[in-house]
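The sequence and structure come first.

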Amino acid sequence: MGLLSRKATCNTHGQDSSYFLGWEEYEKNPYDEIKNPDGIIQMGLAENQLSFDLIESWLDKNPEAANFKREGQSIFRELALFQDYHGLPSFKNAMADFMSENRGNRVSFDPKKLVLTAGATSANETLMFCLANHGDAFLLPTPYYPGFDRDLKWRTGVEIVPIQCTSANGFRITKSALEEAYELAQKLNLKVKGVLITNPSNPLGTTSTRTELNHLVDFVTRKNIHLISDEIYSGTVFTSPGFISVMEVLKEKKLEHTDVFKRVHIVYSLSKDLGLPGFRVGVIYSNDDIVVAAATKMSSFGLISSQTQYLLSALLSDKNFTKNYLKENQIRLKNRHKKLLAGLEAAGIDCLKSNAGLFCWVDMRHLLRSNTFEAEIELWKKIVYEVKLNISPGSSCHCNEPGWFRVCFANMSEQTLKVALNRLKMFVDGQSSTTRSQSEHQRLKSLRKMKVSNWVFRLSFQDREPEER
């Protein structure tokens, strides 16, 4: 062990989180409708598999892009050679346009301010390296994506300080919560370098309100710190209220040519909206030229292949395709979300009201043995090992209230979702029967005690000596 670095031997990666442990259990026994119908169903992975057919159809109709041809001529050799880390101009232009389209063209993006990265994971970590030093802190609203403990902290040495949000107001960010988190960081002698949010939220499945975004912009302006808005779910908003990018708020507040404009950064990727996590396509968008230059240099550690850039530049440049895809994908997400809610309701389970994302924030507090995180993990283990569903417990997302779970719905077929919901209903019904049985047992036990006590009282009364007068 002494021959290895501290980084190689430390356990701060977060791999021991219940979020990742659930994945491990699924991989040991994955559900398959035919081959393994009793296996674990993966509901802990936020993948969008609902619209693959739309992309496959485009590929069939555009064989030149898929076969790396231009005007009938192969460009394989051109793409096979090394490309510098600035990326293909055609891809950056197409990506900037797609990001604008995704936001209703209410804001525009300059391709020169885009940095290409191997997914949003790389984008977020790169921003940490650019904006903070080892031991500095970023504030994150809870609950937050469990992978941030790895993405933001593991290699950078940056600390995360939670902005505590509660179910009392639907886990919304408040002025007081922001201030309390900042004060906590100061008490811990941590220098706060910024705030990072996901909008739409992972794991809540909700879009940030204009009020929240205004609070955040005002807060980072006042504290002279950065704001990172991770907007990788921006194209998954399937019902009102619509998505509001932080860029819109900056524009509305007429902050384009101010210092705070340079301290707001956006992370985006095609992993969720297009369902292409395996393509490893992410971007950083920043108005700070120094950040763009530094992040571009760092991107050499995680480039997007030239072949991927070429293919996707053709796909994203097809405006008819992108327009129809975004519309149809949102319709499919809405329908699938509706089916999940109906199944949960049949099992007597509620969710936080949501309008985006590939998951729901599910309330199972009534199923806990006690209002503790130990009881939450106990319930989670039953669901994983007995019900055979991998869902993510709220504690893995740093939620400060036991009993909430993230449940994904877009990474499986409709039939598999039905199986999962039937399993969950049977489990909840069984729990209710057990609870009723225990209550009836307790009632009968109390009744027997009462009868014995009455009998003893009567016996004692009858045996008592008459009082002397």
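## Terms and basis

Helices (H or I, at least four residues) and strands (E, at least two) are DSSP runs, numbered from the N terminus. The model is predicted: local features need pLDDT of at least 70, side-chain atom pairs count only at pLDDT 80 or more, and totals for chains, interfaces and linings use all residues. Residues are numbered from 1 along each chain as its sequence is written, and side-chain values use heavy atoms, with hydrogens and water left out.

## Strand β5

Strand β5 spans residues 137-141.

Strands count as paired if DSSP finds at least two bridges between them. β5 runs parallel to β6 (residues 159-163), joined by 5 bridges. It also pairs with β7 (residues 192-198), again parallel, over 3 bridges. A137 faces E159 in β6 and has V192 as its bridge partner in β7.

## Largest pocket

A pocket is an open set of points on a 1 Å grid over the protein atoms alone, where a 1.4 Å probe fits, with protein on both sides within 12 Å along at least five of seven lines; lining residues have an atom within 4 Å of a point. The largest pocket has 24 lining residues. T121, Y145, R150, I232 and K272 lie nearest its centre.

Helix α7 (119-131) is among the elements supplying at least two lining residues. α7 gives the most, with 4 residues.

Note on methods:
Buried < 20%, exposed > 50% of the residue type's maximum accessible area, 1.4 Å probe, protein only.
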